[in-house]
Amino acid sequence: MKKNLKNSLAAKIFLLSFCALLLCSFSTCYFISLLMPKTYSMNLNHSLDEKINRFISTLQMVSYQNSGPLFDKLQNSPDISFLELINSNGAYVKLPSTIHFSEDISEIVQAELDSVLTEIAISAYEDFPAYIAKEYPDAICMEDTIENYQNYALAGTLETAATSYNTEAFSMQSYNLSFLGNEENYTLLVYANAQPVSQIKEVFLQIMPILFFLTIGIAIFAALLFSYIVTKPILRISSIAQKMSQLSLDWHFNEKRNDELGILERSLNTLSKNLSLALTNLQAANHKLQEDIEKEQQFFSAVSHELKTPITVIKGQLEGMLFDIGAYKDHKKYLARSLAVTNTLETMVQEILTVSRLETNAFKHSQFDISQTIKSCLLSTEDLIVNKELTLHTDLEPSAIIIGNKMLLSKVIGNLISNAIFYSPIGSEIFLTTKFIDGHFLFQIENTGAHIPEEALPKLFEAFYRVDQSRNRQTGGSGLGLYIVQKVLEQHHSYCTAKNTEKGVCFSFQL
């Protein structure tokens, strides 16, 4: 139970709200039971005080003998039980009254009252009118006579009657008064009926058990409703947060609330969207990273293979010359071959370093005239073109200002021109064209007399790929030339294409 309460937000809210509602309800009932009788009694005394003050003000203008009707009217008030009049000597004075009895029962009634009032309690006194009506049916104005005469008789038997009455049924107040034509001061004792106050307490005690169970029932219902209203969105948000912790983002809040919980729901929706987008980007980046890693692994695997071959050749030639084995005795011949292999190895290492720099460095771009760069590359390969008796046809833009890295693009152009020369048969033609198309600079170079198998075209730009399957250095390069071309163009947001034409093979790119 304790563990469930500790782990349940709904149970905590229910218990706290239930206790708070019970405390508030019982406190309210307690203060009502405490203050309502007192407040009622104070209001009753205040009202009586105003009535008696008006009575005394009127009484000062009337003589004692003529004040009977005023006293009778006052005694007939429902909030007054009886009156006492005391003179300045402290003796009880008979209240003036206009009540008269028939001669045959007046003395009997007086004697009976004196006898009864000394013996009866308040309950018996309340039944006294019925007693008089039964025993003395000939009394004149029976009802009014009995009621008023009771008050009249009580003036002479106050001490005896007071001992019989329940003191909680009355509240007494004293007032000073005087009559017209009489200088003596009197004290009027007014006994107000306080039974309604006692009745209020009794009624409240009677309904207390009902209020108790009703309060508990309402508190339970209100606490359940409150805990449901408060915890439902919190539990839903908690469930969503648990899904988010498991990277499950296939949910969405309706966002109908405008309070703090609504703000939290909208924030979670935004967080979900951003997290989903970030995960998508991360997955794409991770996929690309895996592809790059695989490419790097393949690249370095190919590098190790390519480097191992010339190193093995050099090692074998040097060992043969060192031990004068067979033909290796001709040191001059095999030293020249070793130097040639070393030069090839040096070129390969430089190209590998170039690839490494391309992948790790961000080269700065600037404006330059690429037409002048192309002309410089053609000038540096002029001897190769002449040696192979090639015919070069150029159609170049006089000036072509582009934005890029001049050194890298020079290597791209140099590699493409070198490839065209190297793979062109003796006496064939090379066509080199540059032009602007829709704001882009187009470079094309086509060599005739040779074709590339269609299945090999997509692989031309892979590292260490050569169309010649024999991988002979005499019939093919290192296999990194076109790979470097594509890497450089990728940094310039471009790419190189290769296709067979009617006359030969054409390479092209746009900047």
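Predicted model: local features only at pLDDT ≥ 70, side-chain atom pairs only at ≥ 80, totals over all residues.

Visitor: Why are α12 and α14 called oblique to each other?

Guide: Roughly parallel needs an angle under 35 degrees, and roughly perpendicular runs from 65 to 115. The angle here is about 45 degrees. α12 and α14 are therefore oblique. As for hand, α12 passes α14 in a right-handed crossing.

Visitor: Which residues of α12 and α14 meet?

Guide: From α12 they are Ile370, Thr373, Ile374, Cys377 and Leu378; from α14 they are Lys406, Ser410, Ile413, Gly414 and Ile417. Six of the residues in this contact are nonpolar, three are polar and one is charged.

Visitor: What does α14 do with α15?

Guide: The axes of α14 and α15 come within 9 Å and cross at roughly 145 degrees. That crossing is left-handed. On the α14 side, the contact residues are Leu408, Leu409, Lys411, Val412, Asn415, Leu416 and Asn419. They meet Gly481, Leu482, Ile484, Val485, Val488, Leu489 and Gln491 in α15. By class, this contact has nine nonpolar residues, four polar and one charged.

Visitor: What makes helix α15 largely enclosed by the rest of the structure?

Guide: The count of buried residues. A residue is buried when its relative accessible area is under 20%. In α15 (residues 481-491), eight of the eleven residues are buried, so the helix is largely enclosed. The buried ones are Gly481, Leu482, Tyr483, Ile484, Val485, Gln486, Val488 and Leu489. Just after α15 comes His493, with a positive phi of about 55 degrees.

Visitor: Why does Ser17 count as buried?

Guide: The cut-off is under 20%. Ser17 has 11% relative accessibility, so Ser17 counts as buried. Ser17 is located in helix α2 (residues 9-59). Setting aside neighbours within four places in sequence, Ser17 is in contact with Ala223 and Phe226.

Visitor: How many aromatic pairs are there?

Guide: The count is ten aromatic pairs. One of them joins Phe71 and Phe179, with 6.3 Å centre to centre and 40 degrees between the planes.

Visitor: What makes the pair of Phe71 and Phe179 tilted?

Guide: Two rings pair if their centres lie within 6.5 Å, and stacked needs planes under 30 degrees apart, edge-to-face over 60. At 6.3 Å the rings pair, and at 40 degrees the pair is tilted. Phe71 is in helix α3 (residues 68-75) and Phe179 in the loop between β3 (170-177) and β4 (186-193), 108 residues apart. Phe71 and Phe179 are buried.

Visitor: Why is the pair of Phe443 and Phe509 called stacked?

Guide: Stacked needs planes under 30 degrees apart. The planes of Phe443 and Phe509 are 25 degrees apart, with 5.0 Å centre to centre, and the pair is stacked. Phe443 lies in strand β9 (residues 440-448) and Phe509 in strand β11 (residues 504-510), so the pair ties together parts 66 residues apart in sequence. Both Phe443 and Phe509 are buried.

Visitor: Which residues form one aromatic cluster?

Guide: Phe55, Tyr64, Phe71, Phe179 and Tyr186 form the cluster.

Visitor: How many helices and strands are there in the protein?

Guide: The protein has 15 helices and eleven strands. Of its 511 residues, 36% are buried.

Technical notes. Residues numbered from 1 in each chain as written. Heavy atoms only, no water. Axes fitted to C-alpha atoms, helices over the stretch in contact; angles between N-to-C directions. Helix = DSSP H or I, 4+ residues; strand = E, 2+ residues; numbered from the N terminus. Parallel < 35°, antiparallel > 145°, perpendicular 65-115°, else oblique. Left-handed = near helix turned anticlockwise from the far one by under 90°. Contact = heavy atoms within 4.5 Å. Nonpolar A, V, L, I, M, F, W, Y, C, P; charged D, E, K, R; others polar. Buried < 20%, exposed > 50% of the residue type's maximum accessible area, 1.4 Å probe, protein only. Phe/Tyr/Trp six-rings, centres within 6.5 Å; stacked < 30°, edge-to-face > 60°.
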